[in-house]
Amino acid sequence: MNVDAALQSLVTEMKQDGRYRTFIELERLAGAFPVALWHHPDGGTRRVTVWCSNDYLGMGQHPDVLAAMHQAIHRCGAGTGGTRNISGTNRQHVALEAELAEFHGKEAALIFTSGWISNLAALGTLGRLLPGCAIFSDALNHNSMIEGIRRSGAERFIFRHNDVAHLDQLMGSIDPERPKIVAFESVYSMDGDIAPVAAICDVAEKYGAITYLDEVHAVGLYGPGGGGIAEREGIAHRLTLIEGTLAKAFGVMGGYVAGPALMMDAIRSLADSFIFSTSLAPHLAAGALAAIRHVKAHPEIRARQAENASTLKSMMKAAGLPVLDTPTHILPVIVGEAHLCRRISELLLERHGIYVQPINYPTVKRGEERLRITPTPFHTTTQMRDLVDALVSVGEEVGWTPVRRAA
């Protein structure tokens, strides 16, 4: 077999389908968020406005976070020197886990190097440890949840997205004595919609199931203290396990799971991806801790972001842009064709200094390609207007037919 030829064929096919991923070289500028420096291929640089960052509240640039990280580096150095078991459990880890457990009203929490790994570890381990376990997974769950469920070896049941009746039907179809886990997200990152968390808990409780809620795109952003959709709806106590990230609203890096102490102990003791991974660097844990505390104490940041998301959505609708009417901070603008989506993204960057990456298959279904726009508290009205005008201008240039100026 000619390995190079086989690989080249795959790459060519991805390019033809519009699935080939290109990486734009950006340099984040401390204190300038959401502006970044674009290093373009000809060797020059240009300041651009970033519209697709998951640093939802700009905490990756906040002085409190940066100060905590600098202090931790000065005190502890760069890395941990090992896994949590061997030499890598630091005071910063212990403090962060205690904060996260309190944040979600749970007995304990466990941190990981990413949100992807936390889902893989928790779902993969629990599904494997519970004899005859059945896991019920929302059809639009994130790749990390899907991989964790696969890794567990448990029998999988996929319920239609946010369809509580279908979940009830599936759960009623199996032996009531089997251990059961219902795994779902609160905010879905590509459509920006919200799960009926309370109704799903109703069904799970009816069948005696463990509930596992991924709040990755909600922590820091919703609820009185930023605890997510479950906190906002006053039902965090009904969720057995809450999973989240330190890399989005908290602006740093890492993931976590919070829940009953016994479950955390089992995951800590038996999850391969936890046991054999070097632990999170102390300065990252310190930065995340500072970010959580700041976000909890400053609800006005969430309010400003929600206001900006609402304002931008109204502006895009008035301009005739096909933005989904989401109830969250995620504003998907549907393009519907991979090459066109990429071309619009390229022209926005090259002509208008606007950075928003195309979202194509397999992240979304073919025919649902989109630009995923995430306004932050720091985007100005002028920047919003520039984005809308640029989308309309580029859309008209490339024949993107949904674009229609409102009368």
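How much area do domain 1 and domain 2 bury between them? I noted about 1,500 Å², 55% of it on carbon and sulfur atoms; buried area is the accessible area (1.4 Å probe) that two parts lose on being put together, summed over both.

I recorded that this is a predicted model, in which local features need pLDDT of at least 70 and side-chain atom pairs count only at pLDDT 80 or more, while totals for chains, interfaces and linings use all residues. Residues are numbered from 1 along each chain as its sequence is written, and side-chain values use heavy atoms, with hydrogens and water left out.

**Domains.** I took the bounds from the domain assignment, automatic or from a database: domain 1 is 3–56 + 300–329 + 347–398 and domain 2 is 63–297. I found 16 residues of domain 1 in contact with 22 residues of domain 2 (contact: heavy atoms within 4.5 Å).

**Salt bridge.** I looked up Arg-370, which forms a salt bridge with Asp-191, the closest N and O atoms being 2.6 Å apart. The rule asks for a side-chain nitrogen of Lys or Arg within 4 Å of a carboxyl oxygen of Asp or Glu. Across the interface of the two domains it finds 1 salt bridge.

**His-283.** I located His-283 in helix H11 (residues 282–297); helices are DSSP runs (H or I, at least four residues), numbered from the N terminus. His-283 counts as buried because its relative accessibility is 17%, the limit being under 20% relative accessible area (1.4 Å probe, protein chains only). Leaving aside neighbours within four places in sequence, I listed its contacts as Met-69, Ala-72, Ile-73 and Ala-78.

Technical notes: Helices (H or I, at least four residues) and strands (E, at least two) are DSSP runs, numbered from the N terminus. Buried means under 20% relative accessible area, exposed over 50%, partly exposed in between (1.4 Å probe, protein chains only).
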